[in-house]
Amino acid sequence: RFAADLADKLYARVHAGEIDRLVIAAAPQVLGALRPHLHKEVQARVVAEIDKDMTNHPVEQIEKLVKAALTD
């Protein structure tokens with residue numbers, strides 16, 4: 001249910017023009033559950049996926065992981 005709800009919210013924001021590019025970072029299980037629910041408009045905006053649970057990670061470490069994903 002969480003993945004479907006998140007996908008709906010992302011679609012609404014993409015469709016409203018609020019999101020041009022999207023990096024999705026989530027635990028592998030969540031990312032796997034989310035992918036089938038993403039609308040094609042949302043999929044087209046995804047520039048990187050990070051299959052890692054970053055709960056309780058310091059912001060600096062999250063920034064490094066996102067930057068690394070964008071340069072791959």
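Analyst: We can go through confidence, the helices, the core and the charged pairs in turn.

User: Great. What kind of model is this, and what are the ground rules?
Analyst: This is a predicted model, where local features need pLDDT of at least 70, side-chain atom pairs count only at pLDDT 80 or more, and totals for chains, interfaces and linings use all residues. Residues are numbered from 1 along each chain as its sequence is written, and side-chain values use heavy atoms, with hydrogens and water left out.

User: What's the average pLDDT of the protein?
Analyst: The average is 94, and 99% of the residues score at least 70. pLDDT is the predictor's confidence in each residue, from 0 to 100.

User: Which elements have the lowest and highest mean pLDDT?
Analyst: Helix 4 (residues 59-71) has the lowest mean, 90, while helix 3 has the highest, 97. Helices here are DSSP runs (H or I, at least four residues), strands are runs of E (at least two), and both are numbered from the N terminus.

User: OK, helix 1. What span should it have, and how far apart are its ends?
Analyst: Helix 1 covers residues 2-15, and at 1.5 Å a residue its 14 residues should span 20 Å. The expected span is 1.5 Å times one less than the number of residues. The end C-alpha atoms are 20 Å apart, which agrees.

User: Which residues of helix 1 are buried?
Analyst: Ala3, Ala7, Leu10 and Val14 are the buried ones. They cover an arc of only 65° around the axis, which puts them on the same side of helix 1. The arc is taken from the directions from the helix axis to the C-beta atoms. Buried means under 20% relative accessible area, exposed means over 50%, and partly exposed is in between (1.4 Å probe, protein chains only).

User: And what does the face turned away from the buried side of helix 1 carry?
Analyst: That face carries the exposed residues Phe2, Asp8, Lys9 and His15. Phe2 counts as exposed because its relative accessibility is 56%.

User: What covers the buried residues of helix 1?
Analyst: The cover includes strand 1 (22-26), helix 2 and helix 3. Take Val14: leaving aside neighbours within four places in sequence, Val14 is in contact with Ile19, Glu41, Val42 and Arg45. Contact means heavy atoms within 4.5 Å.

User: What comes after helix 1?
Analyst: Gly17 follows helix 1, and its phi is positive, near 80°.

User: Which residue other than glycine has a positive phi?
Analyst: Asn56 is one of that kind, with phi near 70°. Asn56 sits in the loop between strand 2 and helix 4, and at 77% relative accessibility Asn56 counts as exposed.

User: Back inside. How many residues make up the largest nonpolar core?
Analyst: There are 12 residues in that core, including Ala3, Ile19, Ile24, Leu34 and Val42. Helix 1, strand 1 and helix 2 are the elements that give two or more residues to this core, and the largest share, 4 residues, comes from helix 1. A nonpolar core is a set of buried Ala, Val, Leu, Ile, Met, Phe, Trp, Tyr and Cys residues joined through side-chain atoms within 4.5 Å.

User: Switching to charges: how many salt bridges are there?
Analyst: A search of the whole structure finds 3 of them. A salt bridge is a side-chain nitrogen of Lys or Arg within 4 Å of a carboxyl oxygen of Asp or Glu.

User: Which residues pair up?
Analyst: Arg1 bridges to Asp5, with the closest N and O atoms 3.5 Å apart. Arg13 pairs with Glu18 at 2.8 Å, N to O, and Arg35 pairs with Glu49 at 2.7 Å, N to O.

User: Where do Arg35 and Glu49 lie?
Analyst: Arg35 lies in the loop between helix 2 (28-34) and helix 3 (40-45) and Glu49 in strand 2 (residues 46-51), so the pair ties together parts that are 14 residues apart in sequence. Arg35 is partly exposed at 39% relative accessible area, and so is Glu49 at 35%.

User: Last one, what does Val66 touch?
Analyst: Not counting residues up to four places away in sequence, Val66 touches Val23 and Ile50. Val66 lies in helix 4 and is partly exposed, with a relative accessible area of 23%.
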